[in-house]
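Please take a moment to look over the sequence and the structure together before reading on.

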Amino acid sequence: MRRILIALSLCLLLSGCGMKDIDKRFYVVTTGIDWSGNPQKPYRISVRLAITSAKVESSSSKTQIVTIDAPSIAEGVRHLKSFVDKELEFGHCRVFILGKELLQNGPPGSMSWFARRRDIQLVSYFAVGDPDALSVLKVQPQSERYPGNALFLTFGKEGTESPYITTTYLFDMVRRHFEMGLDPVLPVIRPKEKTYEVDRVLLMDKKKSRLILTPEETQLYNMTANKATKSEMKMSRGADRVVLTVNYVRSKIDVGQGDIPLVTMKVKIRGLLEESPPDLLEKDWHGLERELGKHFSGQVEELLYKIRDAGVDPYGFGLHYLASYFGGKKDYERWVEAYSKVRFKVVTEVKITGAGVVR
């Protein structure tokens, strides 16, 4: 009995587990990293903090933004804790935005911080803020029901599904940064009054940004690289306009050998003719399919040469080359040297499945 009393007394002296209640935590919903311009403190870290509220409806979300300049991301986040009265919690932060100028000045040396922290999910979304990340964080869309909801729906495909939007996850960002023959791709977010424009993509090499694609080029990239359905093929036919809504797209890449390798891309597209001149299908259905395929192949080839000339490889042609011929480091060096002279051939097979509810 005496031993039991002593054990109970010791339990009373033990401290708690250190768990903090919800009302003592600040949930970070979006994090932005910008280039400060100061070599001593190059990273401008901004966090958007959710202010909890019982009211859940459009334009009812409340947030607070805290910013600091620091020599590294880890030091900046640690210092930010002294600016608020609650513990910072990154477990619900699903969107990380890198400033456009930050990527132009080279990759942040502390980028491994995102992958090392155990409370940051590997399925978090990464994007580029144009002109900077802080400008994106300051936007508060009127349709936002709770903090961060707008960007979650944009990249998570739970809301809008657009062929102009590219989703990049943290695990894929890290993989592309280290993998030979495959370069990072990031969507570009541009603030516009009380909403966002996400219809461009930024291409990087292993060190810095190299090229930003136009909305039309972004759609072509998503169709051929990410099998983006709910997209469209458009073509001028004299004074008329032909628009095909794509509901099926598949692509296959074959990389040849030789001093100047030939990269062949075969694309299969199925869709409905959503807009066209009257009675066009009755005149030449199969001829229109061939014409659409030839037009699409020309657009994609032009895009591939533009990407090649920028010195980036978002499709992973180099990775296909190494996988096809069991190449090692020396073979990869040979590929890098030959990539600037690579030739492309795109073959597109278009199948029009119908004209909707009318002909």
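The paragraphs below turn to strand pairing and then to salt bridges.

This is a predicted model, in which local features need pLDDT of at least 70, side-chain atom pairs count only at pLDDT 80 or more, and totals for chains, interfaces and linings use all residues. Residues are numbered from 1 along each chain as its sequence is written, and side-chain values use heavy atoms, with hydrogens and water left out.

Helices (H or I, at least four residues) and strands (E, at least two) are DSSP runs, numbered from the N terminus. Two strands count as paired if DSSP finds at least two bridges between them. Strand β12 (residues 262–275) pairs with strand β11 (residues 240–255) in the antiparallel sense, over 12 bridges. Within this pairing, Asp254 has Thr264 in β12 as its bridge partner. The hairpin of β11 and β12 has six residues between the strands, and Gly258 takes a positive phi near 120° there. Strand β12 is also joined to strand β13 (residues 343–354), by 11 bridges, and these two run parallel. Here Val267 stands opposite Thr348 in β13. In a regular strand, side chains alternate between the two faces of the sheet.

The second topic is charged side chains. A salt bridge is a side-chain nitrogen of Lys or Arg within 4 Å of a carboxyl oxygen of Asp or Glu. Searching the whole structure finds 20 salt bridges. One of them links Lys100 and Asp130, whose closest N and O atoms are 3.9 Å apart. Lys100 lies in helix α3 (residues 100–104) and Asp130 in the loop between β6 (125–129) and α5 (133–137), so this pair ties together parts that are 30 residues apart in sequence.

Another salt bridge is formed by Asp183 and Lys206, with 3.6 Å between the closest N and O atoms. Because Asp183 lies in the loop between α7 (170–178) and β7 (185–192) and Lys206 in the loop between β8 (195–204) and β9 (209–213), the pair ties together parts that are 23 residues apart in sequence. Relative accessible area describes the setting of each residue: buried means under 20%, exposed over 50%, and partly exposed in between (1.4 Å probe, protein chains only). Asp183 is buried, at 8%, whereas Lys206 is partly exposed, at 26%.

A further salt bridge joins Glu197 to Lys192, the closest N and O atoms being 3.2 Å apart. Glu197 is partly exposed, with a relative accessible area of 23%, and Lys192 is partly exposed at 46%. Salt bridges that share partners bring Arg190, Lys192, Glu197, Asp199 and Arg200 into one network.
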